[in-house]
Structures are given as C-alpha cells and as structure tokens.
Amino acid sequence: MSTTNQSNTNSLPFLLMGIPGLEALHMWISIPFCFTYIMTLLGNSMVLLAVRLDKSLHEPMYYFISMLAVIDLIFPTAAVPKMLGVFWLDSREIDFEACFIQMFFIHTFTAVESGVLLAMSFDRYIAICNPLRYNTILTSSRTIQIGLLSLARGAGVMTPLMCLLTSLPYCKNRVIPHSYCEHMAVVELACADPSVSDLYSLIVATLLVGTDSVFIVFSYGMILRSVMRVPSQEARLKALRTCGSHISVILLFYLGGLLSMYLQMFSFGLAPHIQVLVADFYLTVPPMLNPLIYGIKMKPIQEGIFKMLGQLAQLSIS
C-alpha cells in the first residue's frame with residue numbers, strides 16, 4: 001500500500017518558484033536571460049559553422065572547441081526555455097519525469113564539459129611540449145573517441161544518481177524554490193533519508209572535478225615551463241595567447257561552478273534569491289562568453305567566422 005502511495009505521489013508534478021522573493025520582477029529579470037540565451041545560440045552556432053566550413057580549422061584543437069560549443073548549446077537549453085516559461089507565462093508546473101530529465105542533462109553535460117576541458121589541456125600539452133608527435137598522438141579519430149569517452153563518463157556517473165533520486169519518495173511540499181530542477185533544492189523535498197544519494201553525488205563531484213582539475217593544472221604547469229624555455233619571445237607570446245583562451249574558459253567554468261555549488265550548500269546569510277540568481281547565471285553566462293573568448297583571443301577562429309560571414313553576405317547579394 002505504501003509503495004502504491006509513493007508511486008502515486010511521485011507521479012505528481014513539481015512547481016518551480018522562479019526567483020523566490022522577486023516574483024513581481026520576473027518579467028524584467030527574464031530580459032538578460034533571454035538575451036544571453038540568444039547570444040549563446042548565435043555565438044556557439046557561428047563557431048560550429050566556422051570550424052565546419054573552414055578546412056584550415058579541421059584540427060584536433062578546433063574539434064575540441066566544437067565539442068565545447070555543442071555542450072554550450074545543450075547545457076542552457078536544458079533549463080532556459082523552462083525558466084523563460086516561468087518568467088513570462090507563469091508556467092511553473094514541471095512533470096516529475098521532466099524534472100529529473102532536466103537535472104540529468106544539466107549534470108551530465110557539466111561532467112562532459114569538464115572532460116573536454118581536460119582533453120583541451122592535454123591537446124595543448126602535446127602541441128607545445130611534444131610537437132613532433134602531435135599528429136600521430138592526436139588524430140581526428142582519436143579526438144572523436146575522447147569526446148565520446150567524455151560523454152560516456154558523464155552519462156555513466158549521472159545515471160546511478162538519477163536512479164537514486166527518482167527512487168526517493170517526494171511527499172512534502174512540491175514547490176521547488178528555484179528556476180529549474182536544481183539538485184539540492186529537489187532533494188530537500190524528499191521525505192526519506194537522502195544520505196546515500198548525497199554521498200554518491202559528493203564522491204562523484206569530488207573525483208570528477210578534483211581529478212580533472214589536478215591534471216589540467218599539471219598540463220598547464222608543464223606547458224608554462226616549456227614555453228619559458230623557448231628563446232623566441234614571439235613564439236612564447238603566441239603559445240601563451242593560445243593557452244590564454246583555454247585558461248579563461250577553464251577558470252570561468254570551475255570557479256563559477258564552485259561558487260554556485262557552495263552558495264547552494266551554505267547560505268552564508270545571503271538572501272535565497274541571490275543563491276538562485278548565481279546558479280541561473282552560471283547556467284547562462286559561461287556558455288555565452290565561451291565563443292566570445294575564442295573569437296577574441298584565437299585569431300584562426302576569428303578569421304574563420306569573418307570568412308563565413310563574408311561568404312553568407314556574398315550569397316545574399318547574389
């Protein structure tokens with residue numbers, strides 16, 4: 001009987017509050033989120049098209065950048081349309097299954113992005129520290145395999161977590177004090193002990209982020225040591241500029257993620273709407289900035305985008 005009641009309860013939808021305490025301002029708050037989402041779609045689509053159409057960009061480094069662009073398209077798309085529905089239409093209801101599917105996509109592609117950033121640091125390490133073997137170590141097929149491995153790793157570690165979370169009974173208040181199905185906000189609605197899922201998520205997050213960040217720091221440490229030994233100042237600056245864009249994206253991803261996570265775990269006396277806004281901006285701002293960083297700091301990407309825009313302008317005129 002209790003199993004039936006749990007099943008019936010878990011079939012009920014959740015309700016998203018949006019930004020707690022700022023409901024009256026939802027229409028105004030939606031404007032920057034809508035703008036960043038549109039810019040995200042345009043910027044990352046342009047990067048993908050530039051790499052696809054410009055054969056000079058058919059190299060492992062730009063394939064990894066394309067993977068990052070795909071992630072940056074999927075990552076906010078999992079949450080922003082529903083967020084805008086809450087802000088614009090007061091469409092707060094989200095199905096039980098849809099809530100956990102949204103959560104799965106957000107966390108899975110967070111893990112995938114971490115794996116791709118690690119692969120990009122490895123790519124730069126080989127290119128700068130062992131350039132003669134670069135083309136034999138990082139072939140196109142091996143680059144695709146690394147991307148698929150990152151995807152499999154992300155999905156593989158998040159699937160058990162989703163199974164643990166969906167098996168919990170949610171018989172408390174169905175209102176999620178958030179703009180999307182944020183993991184910790186949803187778990188707080190469970191009326192059973194979530195310690196197993198909490199422990200699993202903590203271990204996975206620590207191992208993934210910890211291991212990836214350690215190897216990334218090691219890679220760029222070796223790169224920096226190698227670059228400082230290069231006699232040509234121009235060659236040093238070129239290598240540092242290339243790595244600079246990667247490091248900017250890495251810092252944006254990891255520091256933003258840690259800030260969002262810690263504010264969700266510990267309130268630090270902050271108002272709930274600040275915690276929610278930080279989490280929302282983490283989902284929307286880095287995916288918008290990543291193509292801008294590559295477009296500004298990486299001349300080949302910039303030239304590829306301008307070349308593509310020039311071809312489109314010629315087609316429209318003719």
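## Overall fold

The protein contains 12 helices and 3 strands, both taken as DSSP runs numbered from the N terminus (H or I of at least four residues for helices, E of at least two for strands). Its radius of gyration is 22 Å, close to the 20 Å that the globule rule gives for 318 residues, so the protein is as compact as a globular protein of that length. This radius is taken over C-alpha atoms, and the rule is 2.2 Å times the number of residues to the power 0.38. Along the principal axes, the C-alpha atoms fill a box of roughly 70 × 50 × 40 Å.

This is a predicted model, in which local features need pLDDT of at least 70 and side-chain atom pairs count only at pLDDT 80 or more, while totals for chains, interfaces and linings use all residues. Residues are numbered from 1 along each chain as its sequence is written, and side-chain values use heavy atoms, with hydrogens and water left out.

## Burial and core

Of the 318 residues, 44% are buried, meaning under 20% relative accessible area (1.4 Å probe, protein chains only). The largest nonpolar core has 81 residues; such a core is a set of buried Ala, Val, Leu, Ile, Met, Phe, Trp, Tyr and Cys residues joined through side-chain atoms within 4.5 Å. The members that touch the most others are F14, I65, L117, L165, Y170, I176 and V186. Helix α5 (residues 96–129) gives the most to this core, with 13 residues.

## Contacts of L117

Leaving aside neighbours within four places in sequence, L117 is in contact (heavy atoms within 4.5 Å) with L68, I216, V249, I250, F253 and Y254.

Terms used. Buried < 20%, exposed > 50% of the residue type's maximum accessible area, 1.4 Å probe, protein only.
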